[in-house]
Structures are given as structure tokens and as C-alpha cells.
Amino acid sequence: QKQVGVLTRMILMTQKAVMDKQIIGIQYTTLQKKLLEEFSILRGKTGTIPDLMAERMPLAYVHFVQILVDTFLLSTPLAKYSDMGIFSVLMTGILTLFYHGLLILAKVFLDPLDNEDFCEGCVYLDLAVLLRESNGATDKWIDGAETM
């Protein structure tokens, strides 16, 4: 983590400046304590950067897919009007229903524990129940293999 070295250097430089009285205006101990508090907050925030980069799917990809689906759905009536006439409005409603539903479903699968709150009232996927059910089925296969 490259930012830790830079942050440590900044802490050392500010501590030296406070001790040499190059930074003045507040009492010595209050200033030193406040600077250390702010640096610890900054270090905590920079520690979350690698976690954001290591997610299953970057947020930029989800945003890009959202823009593609929205653009597709907004341009559908214009593209289909010459072929279907007024029925292109009905077809746009049907496409919106299905594509928007698939987009919401993809977002739910992306975040099954609903940490980002993609949609209100979506199906809650209880992963513990899913794992218990899949493990219960493996016992049946093992028992069946033993009897054979």
C-alpha cells in the first residue's frame, strides 16, 4: 500500500513542525492531538480503497450497463416507428418491462445481501438457507452412492 508510506511521512513532518513551533495558533497538545485524530481518520478512509477495487464487479460496469439499457429503451420507439407505426409504443412498454426487470435482477444478483439497496421490495436472497438446502441435497447423493 503506497499511501501508507506517504501518510507516515506526512505525520512525521507535521509532528516535527509542531514540536519546532513552525505551526502555531492552538495549544501544543491540542494541535498535536487533533492532527493525529485527523490522520487516523484519513488512514482509515484510505484503507478502504483496495476493498472497493477488489469487489466482484466494479461499480463503473454496473453504471455502464444501466446507461446502455436506458439508451436502448429510450431509442426503441424512434427505431421501430417506421416498421411498426403506433404499435412501437406498445412494444416499447413491453421491452421496458422485461429489460428493466432483468437489470434489477442483475443488480440483486450482484449484491445478494442488499448492501447497496438497489431496489425497494426486491426478493431477499437468504444465502444461509440456500447453502443449507444445497448441502442437504449432497447428503442424499452420498447416501445413494453408498447403497449402490
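**Exercise 1. Determine how many salt bridges the chain has, and characterise each pair.**

Solution. Step 1: apply the criterion, a side-chain nitrogen of Lys or Arg within 4 Å of a carboxyl oxygen of Asp or Glu. By this rule the count comes to three salt bridges. The model is predicted, so local features need pLDDT of at least 70 and side-chain atom pairs count only at pLDDT 80 or more, whereas totals for chains, interfaces and linings use all residues. Residues are numbered from 1 along each chain as its sequence is written, and side-chain values use heavy atoms, with hydrogens and water left out.

Step 1: list the pairs with the distance between their closest N and O atoms.
- D20 and K16: 3.5 Å.
- K34 and E38: 3.4 Å.
- K80 and D83: 4.0 Å.

Step 2: assign accessibility (buried, under 20% relative accessible area; exposed, over 50%; partly exposed, in between; 1.4 Å probe, protein chains only). K16 is exposed at 54%, while D20 is partly exposed at 42%. K34, at 45%, and E38, at 40%, are partly exposed. K80 is partly exposed at 30%, and D83 is exposed at 60%.

**Exercise 2. Determine the relative orientation of helices α1 and α2, and describe their contact.**

Solution. Step 1: take the geometry, with axes fitted to C-alpha atoms over the stretch in contact and angles running from 0 to 180 degrees between N-to-C directions. Helix α1 (residues 2–19) packs against helix α2 (residues 28–47) at about 175 degrees, their axes being 11 Å apart.

Step 1: classify. The two helices are therefore roughly antiparallel, a class for angles over 145 degrees.

Step 2: identify the contact (heavy atoms within 4.5 Å). By class, the contact has 12 nonpolar, five polar and one charged residues.

**Exercise 3. Is Q32 buried or exposed, and which residues does Q32 touch?**

Solution. Step 1: locate Q32, which is found in helix α2. Step 2: its relative accessible area is 17%, so Q32 is buried. Step 3: not counting residues up to four places away in sequence, Q32 touches Q15, V18 and M19.

Technical notes: Helices (H or I, at least four residues) and strands (E, at least two) are DSSP runs, numbered from the N terminus. Angles under 35 degrees count as roughly parallel, over 145 as roughly antiparallel, 65 to 115 as roughly perpendicular and the rest as oblique. Ala, Val, Leu, Ile, Met, Phe, Trp, Tyr, Cys and Pro count as nonpolar, Asp, Glu, Lys and Arg as charged, and the others, Gly among them, as polar.
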